[in-house]
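Visitor: I have a protein model to look at. Please walk me through it in short steps.

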Amino acid sequence: MATTKSKPQPASTWPSYMTLGTAILAAGTGLVAFGGDPLNLKLTLQDWTTTIAHSLNPIEPTDYMARAKRLLQSTPLIDGHNDFPYLIRQQMHNQIYDHDFHKERIGGHSDFQKMKDGMMGGQFWSVYVPCPEDLVPGVDLWDKNKRIPDLNEPNWAVRDTLEQIDITKRLVAHYPDLLEYCDEPSCVRRAHRRGKIASMLGVEGGHQTGNSLGSLRLFFEAGVRYMTITHNCDNAFAASWVSVDLKTGKDSGLTKYGEAVIREMNRLGMLVDLSHVSPNTMRQALEIARAPVIFSHSGAYSVNKHLRNVPDDVLEATKRNGGVVMVPAITFFMNWEHPEEATLDDLIDHIFWIADKAGWEHVGLGSDFDGSASVVKGLEDTSQWPNLIAKLLARGNVTDAQVKGLLGDNVLRVWAEAERLAKKFQAQGELPCEENWEGRVWETVNHDPPKLFPEVDSDRVPLKGGWADIGK
């Protein structure tokens, strides 16, 4: 029997028209708000077009991959930590112009095609330099008894960090069709809408400053927007997770000088990163921080009892602070007892735990790609980000808005708030901190040049190691 095609009923399309009308109204409001700025006007029109297209092309709720890719199109996926510049340093000696990173496939986690396939929107590139004991020429990196230099001993950490900043910025500048250097959060969304991967800089360890606030400020001027307070070594600022003694409970935490570093980073608008630090350092830093903090690549300690992960009380303190914990893809952070078995499900367990304890507004992603070869199954490189988001959606009990926060909205909110507060502190007349580390040994005083303030030193005499007070 022949059938006739029924005419669509107007009522069936009414929800789509309602959504379309809402999109038009929202876009119109945006046009008014951004009037006068051609770039913002163009980006608003792009948003309007995208919203209309999505409204007219709904996705089945159970098509998790399609949903994941749509979310990645609308919201920049920002990875909090990637060590690719370190590989360029160690394996290529910072020489990039003899290679075409567009055409050449790379054995690491982060070649350009993989990043495109992963629909990445932003990357904090780590300008990592090893701890001083690992900078000694010829050192055996795996020697447990290797000598730990004194904090006053000179090393190459500051020089090497400057070179890491230089190579990362040169890499970004050399591939402007894919990468865009950003040193403020508003730039990230603009880059994403233009189809580029926003590229930001993070220093992975206070030792890279030479334990100096002056170096910290110059790093900020050079574009660094977060600093991990310690790496896997203590410094003049704080204790790292490595020095914690679980048997005795020893954890020296943040030093007095470290408190000054936190204050200065807040004044600058540099994000305080608490990955790698000891639990007491986490707690004490959160007590004094005046701006939201980040954990650029850390999981939940209750899910996997590795000291690189964040205890529940610190998760709760991070919620009060307004910060964000960005979950990595490294196997032993996700599953310490059986790292070879770690999968996307382990990583998602960490995400849900942090979201439960701190809220979905306080969780993000920080892969630590190219920092270790051991990554979880299912997120083997930067091309696999859609797999993670699709599997997260399939797990259920998460909204699209919460996923957008995880992807990048949360860390952008934190960064914008740190930037806003820094402007406030500076407008109030807060000056750069001039505090020095109490253990610093200064060079011997040269008595040949004239004194700047002779009357101040009238009761002091020169000794072999410097000036000493008389009668004290």
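Predicted model: local features only at pLDDT ≥ 70, side-chain atom pairs only at ≥ 80, totals over all residues.

Visitor: How many helices and strands are in the protein chain?
Guide: Both kinds are DSSP runs, numbered from the N terminus: helices are H or I with at least four residues, strands are E with at least two. The protein chain has 15 helices and eleven strands.

Visitor: What share of the residues of the protein chain counts as buried?
Guide: Buried means under 20% relative accessible area, exposed means over 50%, and partly exposed lies in between (1.4 Å probe, protein chains only). The protein chain has 472 residues. The share that counts as buried is 49%.

Visitor: Among contacts between residues at least 6 apart in sequence, what share joins residues at least 24 apart?
Guide: Contact means heavy atoms within 4.5 Å. Among those contacts in the protein chain, the share is 71%.

Visitor: Is α3 oblique or roughly parallel to α15?
Guide: Two packed helices are described by the angle between their axes and the distance between the axes. Axes are lines fitted to C-alpha atoms, for helices over the stretch in contact, and angles run from 0 to 180 degrees between N-to-C directions. Helix α3 (residues 64–74) packs on helix α15 (residues 400–427) at about 55 degrees, with axes 10 Å apart. Under 35 degrees counts as roughly parallel, over 145 as roughly antiparallel, 65 to 115 as roughly perpendicular and the rest as oblique, so α3 is to α15 oblique.

Visitor: How many nonpolar, polar and charged residues has the contact of α3 with α15?
Guide: Ala, Val, Leu, Ile, Met, Phe, Trp, Tyr, Cys and Pro count as nonpolar; Asp, Glu, Lys and Arg as charged; the others, Gly among them, as polar. The contact of α3 with α15 has four nonpolar, one polar and three charged residues.

Visitor: How do α10 and α11 lie to each other: roughly parallel or oblique?
Guide: Helix α10 (residues 279–288) and helix α11 (residues 312–321) have axes 10 Å apart. Their crossing, that of α10 and α11, is left-handed. The angle between α10 and α11 is about 20 degrees, so the two helices are roughly parallel.

Visitor: How many aromatic pairs does a search of the whole structure find?
Guide: Rings of Phe, Tyr and Trp (its six-membered ring) pair if their centres lie within 6.5 Å; planes under 30 degrees apart count as stacked, over 60 as edge-to-face and the rest as tilted. The number of aromatic pairs found is twelve.

Visitor: Why is the pair of F84 and W125 called tilted?
Guide: F84 and W125 are both buried. Their ring centres lie 6.0 Å apart. The pair F84 and W125 is tilted because the planes stand at 50 degrees.

Visitor: Which residues do ring pairs link into a cluster?
Guide: F84 and W125 belong to it.

Visitor: Is M119 buried or partly exposed?
Guide: M119 sits in the loop between α5 (112–117) and β2. Its phi is near 55 degrees, a positive value in a residue other than glycine. With a relative accessible area of 22%, M119 is partly exposed.

Visitor: Is D368 buried or exposed?
Guide: D368 lies in the loop between β9 (363–365) and α14 (385–395). Phi of D368 is near 65 degrees, a positive value in a residue other than glycine. At 8% relative accessibility, D368 counts as buried.

Visitor: What separates the C-alpha atoms of E417 and P292?
Guide: E417 is in helix α15. E417 and P292 are 125 residues apart along the chain. Their C-alpha atoms are separated by 7.2 Å.

Note on methods: Residues numbered from 1 in each chain as written. Heavy atoms only, no water. Left-handed = near helix turned anticlockwise from the far one by under 90°.
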